[in-house]
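Please read the following note alongside the model.

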Amino acid sequence: MRAYLPSYHLEAPRDLASALERMKHEPSAWKPFAGGTDLMVLLEAGKLPHRQYLSIWKLPELRGIDVGPDHVMIGALTTYTAVQAHETLEREFPLVCRAAAETGSIATQNRGTLGGNIANASPAADSPPALIVYDAELELISAAGTRWLAYRDFHTGYKQMKLRPDELIRRIRLARTTAVWKQHYRKVGTRRAQAISKVCFAGAARVENGRIADVRIALGSVAPTVVRAAQTERLLRGESPSRAVLQAAQVALAREIAPIDDMRSTARYRLRVAQNLLAEFFEILSS
Amino acid sequence: MPDAARKIRVQCHVNGRATEFDAYPMARLLDVLREQPGLTGTKEGCGEGECGACSVEIDGVLVNSCLVPVLQAEGASIRTIEGVADGDRLHAVQQAFITHGGAQCGICTPGMILAAVNLLARHPRPTEAQIREGLAGNLCRCTGYIKIFESVVEACRKTEQRA
């Protein structure tokens, strides 16, 4: 343990209202602490800069999955394990379940949460590409009230996001419109389990009479944030999946992602794999 | 800079016994379990949630105790490797690890056994894929995993025979 423990405050507010009050009256002083699967790693390494945390792990207001006629609402503290066990998510939002199953180990999936994955704001996070493909919306809550944001606009730069210091992510809303779409998720890492992604791909498309009527593609680990491949999508809409269309789409994809060399991979490898994953998605669209 | 944090009292159950910890709220459950009740069966491997050596169950759920601040253990029922056997009677998984050479140096073994016991509680008849997935968070540098895998299969077989 390289951290000096007495310098770290961790308190458990008794309910959501007290947590939000605390964050309102001492803005920026308190940060939320959920399942700890990211923050405790930094703590152990002696690299956790912030000192005061509110443990939100047990707040019931941030838990649970509600299925409505048009939407599914996922509480921010829903763990990867709970995501995988949910029948409606499995049936209608398989990419989120696939992402949850690809994240860490069973022990990590038992503690890691979707809200934490979003707020940790890593461009290599596994669930955001899936959430972005489903046009997820986030409900942010503070003592002043709540507001909804499109998730695809939430991350503004590396580790930057539209979350005020007095706000918590409360829930994630998914519209139940894509169940019949063709869908694909693939995470490429160094090994099958327990790896952080080199490239992560999520795609969904509505294919009608052999044509791509609508398509959404998102990628992780290829830019400062998880990104939606909007230009590639535009190029694909209305087309039939052919070799020529795929090649054009791969060129478009290369123009709108910005992979880098880092400890996990190289820019060249990431670009090539991202294009290959697009080709794999194409095979599913044509099948 | 805020004042130094104070130690807190955490009440919970460890291996069925009511237990109190006095610790800084951000202390790792791993360290508190080893230092206060002296349950040193739980090992520290990587200290960053990658290796599973510090696996324990909290309310029946498998966790890496190096990633759990002790404050979040308030009111919990914790099971460590010391709570897996029933007195002198070993759990089927423990017995199988002995007979099939599932343990070598021993550092990964407590976590590996807890992960396997937890897997069998969720899937009494696991498929090969479920065993591999259930143990994917536990790293072993000695066995090459085959003997561990065989031990878990054997434990399932023995448990089924008895049932």
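**Note on helix packing, domains and chain contact**

1. The model is a predicted one, and the points below should be read accordingly. Which residues of H2(B) are buried? They are B:Ala92, B:Val93, B:Gln94, B:Ala96 and B:Phe97. After H2(B) comes B:Gly101, which has a positive phi, near 65°.

2. Two packed helices are described by the angle between their axes and by the distance between those axes. For helix H2 (residues 92–99) and helix H3 (residues 109–122) of chain B, the angle is about 130° and the axes are 9 Å apart. An angle from 65 to 115 degrees would count as roughly perpendicular and one over 145 as roughly antiparallel; H2(B) and H3(B) are therefore oblique to each other. Their crossing is right-handed.

3. Which residues bring H2(B) and H3(B) together? On the side of H2(B) they are B:Val93, B:Gln94 and B:Phe97, and on the side of H3(B) they are B:Thr109, B:Ile113, B:Ala116, B:Val117 and B:Leu120. By class, this contact of H2(B) with H3(B) holds 6 nonpolar residues, 2 polar residues and no charged ones. B:Val93, B:Gln94 and B:Phe97 are also among the buried residues of H2(B). An α-helix has 3.6 residues a turn, so residues three or four places apart point the same way.

4. H3(B) also packs against H5(B), at an angle of about 40° and with the axes 11 Å apart. That angle makes H3(B) oblique to H5(B), and the crossing of these helices is right-handed. H3(B) contributes B:Met112, B:Ala116 and B:Leu120 to the contact, while H5(B) contributes B:Ile148, B:Val152, B:Ala155 and B:Cys156. The contact of H3(B) with H5(B) consists of 7 nonpolar residues, with no polar and no charged ones.

5. The domain assignment divides chain B into domain 1 (8–83) and domain 2 (92–162). Taken over C-alpha atoms, the centres of these domains of chain B are 21 Å apart. Their contact involves 13 residues of domain 1 of chain B and 11 residues of domain 2 of chain B. On the side of domain 1 of chain B, strand S3 (residues 55–58) gives the most, with 3 residues. That side of domain 1 of chain B comprises 6 nonpolar, 5 polar and 2 charged residues.

6. How is chain A divided? Its domains are domain 1 (5–55), domain 2 (60–175) and domain 3 (183–286). The centres of domain 2 and domain 3 of chain A, taken over C-alpha atoms, are separated by 21 Å. Their contact draws 20 residues from domain 2 of chain A and 22 residues from domain 3 of chain A. On the side of domain 2 of chain A, the elements giving two or more residues are helix H5 (94–102), helix H8 (127–133) and strand S8 (155–157). By class, that side has 12 nonpolar, 4 polar and 4 charged residues.

7. How many residues does each chain give to the contact between chain A and chain B? Chain B gives 28 residues and chain A gives 27 residues. On the side of chain B, strand S4 (residues 61–64) gives the most, with 4 residues. The residues on that side of chain B are 16 nonpolar, 8 polar and 4 charged.

How values were computed
Residues numbered from 1 in each chain as written. Chains lettered and ligands numbered in written order. Predicted model: local features only at pLDDT ≥ 70, side-chain atom pairs only at ≥ 80, totals over all residues. Contact = placed C-beta atoms within 7 Å. Nonpolar A, V, L, I, M, F, W, Y, C, P; charged D, E, K, R; others polar. Domains from an automatic or database assignment. Axes fitted to C-alpha atoms, helices over the stretch in contact; angles between N-to-C directions. Parallel < 35°, antiparallel > 145°, perpendicular 65-115°, else oblique. Left-handed = near helix turned anticlockwise from the far one by under 90°. Buried ≥ 20, exposed ≤ 12 C-beta atoms within 10 Å, placed from the backbone.
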